[in-house]
Amino acid sequence: MEVGGVFFSTNAATVMKTGEALANYEKYEEKVESEEQASSTAVKQDTYTKSEEQVQSDSGIYSRETIQKTVEQMEEQRAAAMQSMIQEMLGEQAKAAGLKYFGPDKTLSLSDITQEDIDEAQKSIEDGGYWSVDSVATRIMDMAKLLAGNDASKLSTLKDSIIKGFGGAAELLGKKGLDDMPDITRQTYDEVMKRFDEWEAELTGGSAE
């Protein structure tokens, strides 16, 4: 919805939208996990040849390079899904904060807006609100930890996805990049990076800067 050139999204609508997105993400994760388990079982049943370049299985001969490429593609798909969801969440957070967001037009007509809608949108970005800095940062980190599964080797890819997600959101906010983000987006970014560094330190045994 738009008032005086400023966009707002109703709390109910944004909650429903994000709920559906997270539900779809969980289904995607379940599908990936199922495929990985099936793949793992198949590999265990394979009869390996002495060759360092090939693996003999019931379904044929697969090069190690092909297997590795398939694994990498699955990781890339996960990272891309996370990047997309971060961008969507930040878009909803920005609209709740009254910022114009150049994504898909989900606004309501002026006749549909009420003062209650505006009040709910404002409340949603305050401390404890659904689109507050803390709440959004928590959901982003929950996704990252779900994807990593305590595997430190995935941290670099996940961090890159987070940064790209914020960068894409900045562009849709009409900004030049991360350094030009609105306050609420910048604060969320800083909070996520802080938590990510602390989490990385826990997994690697290092110390957060």
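Where do Phe 196 and Trp 199 lie, and how many residues apart? I looked this up in the predicted model. Both are in helix α6, 3 residues apart, which is about one turn of the helix.

I counted 3 aromatic pairs. For Phe 196 and Trp 199 I found the ring centres 5.3 Å apart and the planes at 85°; over 60 degrees counts as edge-to-face, so this pair is edge-to-face. Phe 196 is buried at 0% relative accessibility, and Trp 199 is buried at 5%.

**Nonpolar core.** I then took the largest nonpolar core, which has 33 residues. Trp 199 is among those with the most contacts inside it, as are Met 82, Ile 140 and Phe 166. Helices α2, α4, α5 and α6 each supply at least two residues. The largest share, 9 residues, comes from α4. Leaving out residues up to four places away in sequence, I listed the contacts of Trp 199: Met 141, Ala 144, Lys 145, Ala 148, Leu 155 and Leu 158.

**Helix α5.** I noted that Leu 155 and Leu 158 are buried in α5, and that other buried residues there include Ile 162 and Phe 166. Just after α5, Gly 174 has a positive phi of about 80°.

I found Tyr 130 and Trp 131 paired edge-to-face, 4.9 Å centre to centre with 90° between the planes. Tyr 130 is partly exposed at 26% relative accessible area, whereas Trp 131 is buried at 0%. The charged end of Arg 139 sits over the Tyr 130 ring, 4.0 Å from its centre. Arg 139 also lies over the face of Trp 131, 5.1 Å from the ring centre.

Definitions and conventions:
Residues are numbered from 1 along each chain as its sequence is written. This is a predicted model: local features need pLDDT of at least 70, side-chain atom pairs count only at pLDDT 80 or more; totals for chains, interfaces and linings use all residues. Side-chain values use heavy atoms; hydrogens and water are left out. A nonpolar core is a set of buried Ala, Val, Leu, Ile, Met, Phe, Trp, Tyr and Cys residues joined through side-chain atoms within 4.5 Å. Buried means under 20% relative accessible area, exposed over 50%, partly exposed in between (1.4 Å probe, protein chains only). Helices (H or I, at least four residues) and strands (E, at least two) are DSSP runs, numbered from the N terminus. Contact means heavy atoms within 4.5 Å. Rings of Phe, Tyr and Trp (its six-membered ring) pair if their centres lie within 6.5 Å; planes under 30 degrees apart count as stacked, over 60 as edge-to-face and the rest as tilted. A charge sits over a ring if NZ of Lys or CZ of Arg is within 6 Å of the ring centre and within 35 degrees of the ring normal.
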